[in-house]
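Good morning, and thank you for the time. Please look at the sequence and the model on the screen, and I shall take you through them in a few steps.

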Amino acid sequence: MALDFTAIDFETANGSRASACQVGLTKVRGGKVVETAGWLIRPPAGHDDFLEWNTRIHGITADDVIDALTWDEQIEDLIGFAEDDVLVAHNASFDMGVLKAACEVTRFDLPAYRYACTLQVARKVYQLPSYRLPVAAEAAGFTGFAHHDAVADALACAHILIDAARRSGADDIDGLSGLIGARVNRIQPAVIAA
């Protein structure tokens, strides 16, 4: 199986997509998880207020990120981990929006990553009462994780895609897309003016 991808998940400090305060990453090679990573992020200035609502969801506060690297100090590490992989996220429009917005705010030229959405995949593969990440992950056989911890959520997301490919008989993401009718999209980064 040539199922290679990087699952990604972000937590945000507030309603701004540029307010990433944690990232989780899971690398999959040949349909198997081979590496996970994650870290806290100090959101860019102007996007760094922590709202009580967001903190209630993920538990991260401004004090937690005070010594964390800023977005522009760690984006190269994120790209280094993901390499040229297809990115996979649950409700990918949110996570790709975070990636794009934080890069726009920090004036970083983001690669035009291809990406797939496990929320969309789960809706095509499973019959569930809800397609929230914990429910879809349970259908994939991955349970008991700390939902809204970005590292745990990226790992859960990876398991959904691995299980969907296995159930569908797909060897890679493009094959899965063709078999179940889930789209593989591409991030359209903004043009950063000099």
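I begin with Ala-136, which counts as buried because its relative accessibility is 0%; buried means under 20% relative accessible area, exposed over 50%, and partly exposed in between, with a 1.4 Å probe and protein chains only. This is a predicted model, in which local features need pLDDT of at least 70 and side-chain atom pairs count only at pLDDT 80 or more, while totals for chains, interfaces and linings use all residues. Residues are numbered from 1 along each chain as its sequence is written, and side-chain values use heavy atoms, with hydrogens and water left out.

Ala-136 belongs to helix 5, residues 133–139. Helices (H or I, at least four residues) and strands (E, at least two) are DSSP runs, numbered from the N terminus. Which residues surround Ala-136, leaving aside its neighbours within four places in sequence? Ala-136 is in contact with His-90, Ala-122, Tyr-126, Leu-128, Tyr-131 and Ile-160, where contact means heavy atoms within 4.5 Å. Thr-118 is 18 residues from Ala-136 in sequence, and their C-alpha atoms are 8.7 Å apart.

Strand 5, residues 114–117, pairs with strand 6 in the antiparallel sense over 3 bridges. Within that pairing, Arg-114 stands opposite Arg-186 of strand 6.

The next topic is charge. Side chains of opposite charge can pair when their charged atoms come close. The structure holds 8 salt bridges, a salt bridge being a side-chain nitrogen of Lys or Arg within 4 Å of a carboxyl oxygen of Asp or Glu. One of them joins Lys-27 and Glu-83, whose closest N and O atoms are 3.0 Å apart. Lys-27 lies in strand 2 and Glu-83 in the loop between helix 2 and strand 4, so this pair ties together parts 56 residues apart in sequence.

Lys-27 also meets Asp-85 in a salt bridge, at 3.7 Å from N to O. Are these two partners buried or exposed? Both Asp-85 and Lys-27 are buried. Asp-85 forms a further salt bridge with Arg-29, at 3.0 Å from N to O. That pair links distant parts of the chain, with Asp-85 in the loop between helix 2 and strand 4 and Arg-29 in strand 2, 56 residues apart. Through shared partners, the salt bridges join Lys-27, Arg-29, Glu-83 and Asp-85 into one network.

Technical notes: Two strands pair if DSSP finds at least two bridges between them.
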